[in-house]
Amino acid sequence: MAAVEPLTLVGDGRSRRRRAVNRAAEIGASLAALAAVAVLAIVVLSVLKRGIGVLSWGFLTESLPLFGQPGGGIAPLIVGSAVLVGIGTAIALPLGVLTALFLTEFAPRRLAVPIQLTLDLMSGLPSIIIGVFVFGLLVYGHAQKGYAGGFALSIVMLPLIARSTQEVLRLVPSVQRDGALALGVSRWRTVLGVVLPNALGGIVTGTVLAIARAAGETAPLLFTTSIFINTVSWDARQALPNMPVQIFIWSESPDPEDHKRAWATAFVLLMFVLVASVLARVALARSKRRLGQ
Amino acid sequence: MAAVSSIPATHALAGTRRLRDRLGDRLLFLLTLLAALAAVAIMVAIAYKVLRGAHLSFSAFGFGFLSSTTWDATNGVFGAATLLFGTAVTSAIALLVGGPFAIAIALFLSELAPRGVRAAVGTLVEMLAAIPSVVLGLWGILVMGPFLADHLEPALHRWFGFVPLFGEASTGSDVFLAGLILAIMIVPIVASICRELFLAIPQELEDGALALGATRWEMVRGVVLSGSKSGIAAALILGLGRALGEAIAVAQMIGAGSAIHGSLFTPGDTLASRIAEQFQGAVSRLQISSLFYLAAILLVIGLGTNLVALLIVRRYGAQRQGAA
């Protein structure tokens, strides 16, 4: 080292290659994210483009078309889906919230672990198995019934509601629990009067997310409530028309008219699901932030 | 409670209140316990009903059911080998295509994207998971299927036709299409789990690697990816479980084939899609029972994959806590 060489800031070949690899990786990751957003956009726009032309007031309010006939509407599907999801919610909401309360407020460890495991496994269960199970339990040897479909949906919703409730219950500051208990308030009053009201917002939004998920589920309904009349029915003792199963039936049909109806029904279903999910997510993020402080 | 009860009750009111509190505590505990037990009971009932339904078929075919390729409803001979094959192939396509995408998206969301973009893209990716599978299936057969059959598959066949995988002409409804749609379904699940994993990597480790002169990609490879290897494996396994069990979208797209083919461009069928297609029109009790048998196989595989993923997560979580 005789003379100090002037410092050059130009990279050598190796560092240029490292930079190039880094650049390639960054571009690759960005493109992957872009592709996912593009797929979402393409699917939503396809449904929008093909569905919106068929949509009309009549389509939303009329009875289902008779086989091979033109026209008709999907009012029975909308009503039926609402009844089925309503039944599912009526079963899953109390069960899910109480289960979450048990796990976060009461359960000793040796009970909490297996119950938590059961909920995790239940949420990973293929939904077609739920359909087969409810068929075997309530339908096999009898007729299809709306409430069998509602029960099947409740099995889809239960682990979702339980998990989101657990998450908000854990965010309720322990100061509030301890404070209430220190004032001599009994445990059950603390849970029902202090903990639960604090978590209410989170429970509601978690339930809306579960409803959005259940509204689009086809497999649990396919064997429990798929052979139905073509007029509006509120009677859950009989099979109820519903959107997912009818989209499935129409999508398998060779008739292009049926494909149009499938697109329009898919449009209605998709809008409901996406709007409900977006609203619930925004509200959930807000209530979590509020509790997290 | 002990402190409260040691205060002498001066009048009757305190006594009834204490009694009511004790009763309320007991009641709420019992109520929540019952709800939790109901959840467990439902799970047990599912396993029992599905296995019980498969009994007739199991006593007729035994474990030979798994290796027999015949599915003949008229003669009452059933086997699941074709369906196991179809399930394996479609899930493999889903994982091979969707897995790298999901990990790349998670890296983008956790390491690369500016804050504003992060939230927006994250929400959009989660919206992808909200699309009902029947709608995705509808889009698959009527939009994506024709596109593949007219453009992508002939091209793949022309260039790589010598590989048996890409042999035979395409029909529009095939194993390849079903696999790609399954990939779209598992991407949001795997991506959101991986994002959480990557965000949990301590910032000091990332900063340390960067301070030592690593490029961002070298930091990701050396710190982020290698630090969450087992978690990524668990996420992929959960994605696999989802792909294995999807019935509706696959039934719409796979074309209900009944033979094992080497080519991806031929119709096939999976365990779940066969149940969705044939349950309604089953002609005999043996056929129904065989479909229950398929559901039982699916149940075992589904519970197995989920258990493995949960175990990995638990061990990994314990390791992390031990290290910290």
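Start between the chains: select Ala33(A), Ala36(A), Val37(A), Val39(A) and Leu40(A) in α1(A), which meet Val121(B), Leu124(B), Val125(B), Met127(B) and Leu128(B) in α5(B). Contact here means that the C-beta atoms of two residues, placed from the backbone, lie within 7 Å. The residues of this contact divide into ten nonpolar, no polar and no charged. Nonpolar covers Ala, Val, Leu, Ile, Met, Phe, Trp, Tyr, Cys and Pro; charged covers Asp, Glu, Lys and Arg; the others, Gly among them, count as polar.

This is a predicted model, in which local features need pLDDT of at least 70 and side-chain atom pairs count only at pLDDT 80 or more, while totals for chains, interfaces and linings use all residues. Residues are numbered from 1 along each chain as its sequence is written, and chains are lettered from A and ligands numbered from 1 in the order in which they are written.

Now show the two helices whole: α1 (residues 13-52) of chain A and α5 (residues 115-130) of chain B have axes that come within 9 Å and cross at roughly 50 degrees. Therefore α1(A) is oblique to α5(B). Oblique is what remains after roughly parallel (under 35 degrees), roughly antiparallel (over 145) and roughly perpendicular (65 to 115). Axes are lines fitted to C-alpha atoms, for helices over the stretch in contact, with angles from 0 to 180 degrees between N-to-C directions. Helices are DSSP runs (H or I, at least four residues), numbered from the N terminus.

In total, 71 residues of chain B are in contact with 70 residues of chain A. Helix α2 (residues 12-53) of chain B gives the largest share of chain B's side, 19 residues. That side has 53 nonpolar, 13 polar and five charged residues.

Last, go to chain A. Helices α3 (residues 75-106) and α6 (residues 146-171) have axes that come within 6 Å and cross at roughly 35 degrees. By class, their contact has 19 nonpolar, eleven polar and one charged residues.
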